[in-house]
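I opened the model today to look up a few things. My notes follow the order in which I checked them.

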Amino acid sequence: WLRDLGVRFVSLNELQNENEFQFPQGLKAVKTFAFFACFRNVLISNMNAHYLWNKVISADHPVFTKHGINRKSRRLFKDRNMEKNEKICDVNVTVVDRRGQRGLEQADELVKALNTLANNAVKNEINLNVKLDQFDGKTLKEQIELMQMTDIMIAVHGAGETNMIWMRENSIVVEIEMFGYRADFSGLAKKYNLDLELFPSAPDSFTFLNCMGLADESHKTNPIVEKWKQMVSVYESGNSSAGRDYAVANTKASSTYGTTGTSMSACLRRQNPRIDIQQMLGLISKLVSKMCANEE
């Protein structure tokens with residue numbers, strides 16, 4: 001069934017450059033999901049980078065049905081008072097943090113703000129359950145269970161987002177994109193009948209320019225520096241989507257830039273993401289209201 005899904009599980013201790021499955025703890029561990037721990041992401045393609053983007057896997061695919069993974073839309077409304085026929089819309093929001101690079105420093109602050117939003121949502125007959133979690137250190141079974149109960153996942157761009165394939169149909173992924181880096185998982189989300197919202201992060205000039213070897217004043221007239229500062233200025237003037245306009249953002253250059261020998265793409269991904277908390281609350285409030293209205 002793994003071959004049907006078209007993925008390869010990657011061993012923690014050994015990564016070989018070949019199109020073969022690697023089961024570090026044997027087939028039994030994979031069959032039960034209970035003992036197989038994955039490194040950040042659940043899967044990578046064993047064919048080519050766009051394989052999963054081009055293969056539609058429905059909710060009744062044997063990969064899901066034979067292993068008790070339910071991808072049918074979760075019923076959000078629950079009885080609050082059966083005598084009065086009152087119902088409440090129950091929505092689970094999971095903020096996924098990651099260790100080290102690209103971890104969301106504001107994760108605790110965001111969860112606190114979302115819990116405040118949750119308290120106000122009760123007045124509108126919405127029960128908003130907010131959870132801060134991470135994929136690192138979890139077994140595959142635990143990762144699946146987390147995604148099965150998540151209606152809205154908030155996560156910084158990264159391979160861990162591939163766990164979205166375990167979410168139920170019509171769930172939502174809010175992907176925090178790195179400033180100036182144009183790559184996202186919207187294609188994968190679409191194939192699995194999920195909605196994906198891109199959310200901008202603020203520019204981290206210190207990390208990016210130092211990574212590129214262009215932080216020194218002597219590089220201020222470098223075209224890359226000039227373009228970067230221009231886009232940062234546009235962002236700071238109130239255009240939060242300015243990073244998407246950074247023309248060379250998604251360049252996986254054969255040549256390198258700056259003096260460090262690191263590609264621009266890699267340096268853009270190294271930024272430490274920071275977000276506008278209030279803007280995020282506004283988005284989540286809108287998404288929750290939409291989800292509940294769609295089920296009525």
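What volume does the largest cavity have? I keep in mind that this is a predicted model. The largest cavity comes out at about 130 Å³. My search of the whole structure found two cavities of 30 Å³ or more. I then listed the lining of the largest cavity and got 11 residues. Val 96, Arg 98, Phe 135, Gly 160 and Glu 161 lie nearest its centre.

Next entry: helix H8. I checked its length first. H8 covers residues 223-236, which is 14 residues. At 1.5 Å a residue it should span 20 Å, and its end C-alpha atoms are 20 Å apart, so the two agree.

Which residues of H8 are buried? I noted Ile 224, Val 225, Trp 228, Met 231, Val 232 and Tyr 235. I looked down the axis of H8: these buried residues fall within an arc of 130 degrees, so they line one face of the helix. An α-helix has 3.6 residues a turn, so residues three or four places apart point the same way.

I asked what covers that face. The cover of the buried H8 residues includes helix H7 (205-212) and helix H9 (264-269).

Then I looked at the ends of H8. Asn 222 caps the N-terminal end, with a side-chain oxygen 2.8 Å from the backbone nitrogen of Ile 224. Just after H8, Gly 238 has a positive phi of about 120 degrees.

Last entry: H7. I found Thr 207, Phe 208, Leu 209, Cys 211 and Met 212 buried there. The buried residues of H7 pack against H8 and H9. Gly 213 follows H7, and its phi is positive, near 75 degrees.

Key: Residues are numbered from 1 along each chain as its sequence is written. This is a predicted model: local features need pLDDT of at least 70, side-chain atom pairs count only at pLDDT 80 or more; totals for chains, interfaces and linings use all residues. Side-chain values use heavy atoms; hydrogens and water are left out. Helices (H or I, at least four residues) and strands (E, at least two) are DSSP runs, numbered from the N terminus. The expected span of a helix is 1.5 Å times one less than its number of residues. Buried means under 20% relative accessible area, exposed over 50%, partly exposed in between (1.4 Å probe, protein chains only). The arc is that of the directions from the helix axis to the C-beta atoms. Contact means heavy atoms within 4.5 Å. A polar contact is a pair of N or O atoms within 3.5 Å; within protein, one must be able to donate a hydrogen and the other to accept it, and residues adjacent in sequence count only if both atoms are side-chain atoms. On a 1 Å grid over the protein atoms alone, a cavity is a set of points where a 1.4 Å probe fits but cannot get out, and a pocket is an open set with protein on both sides within 12 Å along at least five of seven lines; lining residues have an atom within 4 Å of a point. Grid points are joined across faces, edges and corners, and a volume is the space filled by probe spheres set on the points.
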